[in-house]
Amino acid sequence: MREAFAQAMSAMYREEVPQYGALLDIVAQVNEQALRAAEGPSAMPRAERERLGVERHGAIRVGSARELGLLRRMFAILGMRPVGYYDLSVAGVPVHSTAFRPIRPEALARNPFRLFTSLLRLELIQDPVLRELAARRLEAREIFSPEALRLTEEFEARGGFDAARAEAFVRELVQTFRWHARATVSADLYRRLHEAHRLVADVVCFPGPHINHLTPRTLDIDAVQEQMPRRGIAAKEIIEGPPRRKVPILLRQTSFKALAEAVRFEEDGAPRGAHTARFGEVEQRGIALTPKGRALYDHLLGQAGAPSDPRAYEARLRQVFQAFPDDLETIRRQGLGYFEYSRLPGAQPTDAAAGDLEALLAAGVVQARPMVYEDFLPVSAAGIFQSNLGDAARQAYAAADARAAFERALGCEVLDEFALYESQQAASIRQCLGAHGEPRAQDHG
Ligand code: OOG
Ligand code: NI
């Protein structure tokens, strides 16, 4: 169902935003070249290669606790759980977010589709009259079809779907995220909400939480960045995240500018306005970092300062990141990244090495593979937000801890991404150290 959902979302977005289709073509071409260049022993594991073509993340923004809570229940049906809490108010964006994604390694390998989901923080609208108007609009709207709601309850009551219901559910859910060229407010209210923050208008003024981008994964983001303008796609100037390295870490992203889409306001017969919210993005994923690695990453990114002049920033970034080890073995030894350990087929440990992970690695009985970062980067996300929201003066929002309120709306706590990587790594180690070479069956879960 998750795969069908991801495919249907992609087909819908391709139709709504043609540049997205062009971007997919560029990425497919670049990935094919990169895979060819990296054949041999350092090649990507097959499972990684296979999911590359289907890999996407998307982003949506909702307006109320009820909407977020229902989405949590619906995405659970697709095997997607809320992972991580991202407070975007620190970047002047009045939302907080989580990423719905599969969490088990087998599920990620099968289809890793993720949706970055933001909840509007109405309390950050300063003007009480405007805040009240926005709240009333959001209360009055229903973003889900009756069928989607009914099927959700049915699934929860029965614990499953037959094929026909599964198909119907996916079809109904996808419709929730389509674009509506019709605003539910007057042009005047749209303007006032837009002045409060462009994102407030984007969430409040439409019948539903339209998908605002879908992001394919590339193996060479610098090549994609270079190709984009040649294909008539206006790319943003800098790539967000770490610089180009031999060993990619975390996440690098770039995007193309939001489209100006015609909108018909409440009082209009024909579309006239232009709403800019939907854009395109591409990303390259690297190794997941431990808290220690992440602290080093954050520290270095802070040292690089603000990205004013793109060329100078790139050079500065490369320079400060020389302090981050750029080979897998050092990253592993220093505990900066997460690894999945596995026995090499056929290799037998000597008695001396048994039970000692480092000795097994040295003896070539066990191998360590970097684990891919499956999550997001708030700093990077904020950069993407900013670049697409224009250069309006940043509003300073109180960075009060809103996480508890977010989790109440969600209806559960968000999962800790570090704990997920950590437990996957630990399980792989237990399996390698299991009695004389044979992985223990009970460790598979
Ligand atoms: C979400 C932006 C975050 C990413 O890749 O970091 C995101 C949004 O614009 O709604 O998608
Ligand atoms: Ni994104």
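Trainee: Which way does helix 7 pass helix 8, in a left-handed or a right-handed crossing?
Mentor: Helices here are DSSP runs (H or I, at least four residues), numbered from the N terminus. A crossing is left-handed if the near helix is turned anticlockwise from the far one by less than a right angle, and right-handed if clockwise. For helix 7 passing helix 8, the crossing is left-handed.

Trainee: What kind of model is this?
Mentor: Residues are numbered from 1 along each chain as its sequence is written, chains are lettered from A and ligands numbered from 1 in the order in which they are written, and side-chain values use heavy atoms, without hydrogens and water. Local features need pLDDT of at least 70, side-chain atom pairs count only at pLDDT 80 or more, and totals for chains, interfaces and linings use all residues, since the model is predicted.

Trainee: Why is helix 7 called oblique to helix 8?
Mentor: Helix 7 covers residues 146-158 and helix 8 covers residues 163-175, with axes (lines fitted to C-alpha atoms over the stretch in contact) 9 Å apart. Angles run from 0 to 180 degrees between N-to-C directions. Under 35 degrees is roughly parallel, over 145 roughly antiparallel, 65 to 115 roughly perpendicular and the rest oblique. Helix 7 is therefore oblique to helix 8, as they pack at about 135°.

Trainee: How many charged residues are in the contact of helix 7 with helix 8?
Mentor: Contact means heavy atoms within 4.5 Å. Helix 7 brings residues including Glu-147, Glu-154 and Arg-158, and helix 8 brings Arg-165 and Glu-172 among them. Asp, Glu, Lys and Arg count as charged, Ala, Val, Leu, Ile, Met, Phe, Trp, Tyr, Cys and Pro as nonpolar, and the others, Gly among them, as polar. The contact has four nonpolar and one polar; the charged residues number five.

Trainee: At what angle do helix 6 and helix 9 pack?
Mentor: Helix 6 is residues 128-140 and helix 9 is residues 187-196. Their axes lie 11 Å apart, and the angle is about 115°.

Trainee: How many nonpolar residues does the contact of helix 6 with helix 9 have?
Mentor: Among the residues in contact are Leu-130 and Leu-133 of helix 6, and Leu-189 and Leu-193 of helix 9. No residue is polar and two are charged; the nonpolar count is seven.

Trainee: In which crossing does helix 12 pass helix 13, left-handed or right-handed?
Mentor: Helix 12 (residues 291-304) packs against helix 13 (residues 310-320) at about 145°. Residues that meet include Leu-300 in helix 12 and Leu-317 in helix 13. The crossing is right-handed.

Trainee: How far is a polar side-chain atom of Gln-253 from an oxygen atom of ligand 1?
Mentor: Eleven residues surround ligand 1 (a heavy atom within 4 Å), and Gln-253 is among the closest. A polar contact is a pair of N or O atoms within 3.5 Å. For Gln-253 the distance is 2.8 Å.

Technical notes:
Helix = DSSP H or I, 4+ residues; strand = E, 2+ residues; numbered from the N terminus. Polar contact = N/O pair within 3.5 Å; in protein donor to acceptor, adjacent residues only side chain to side chain.
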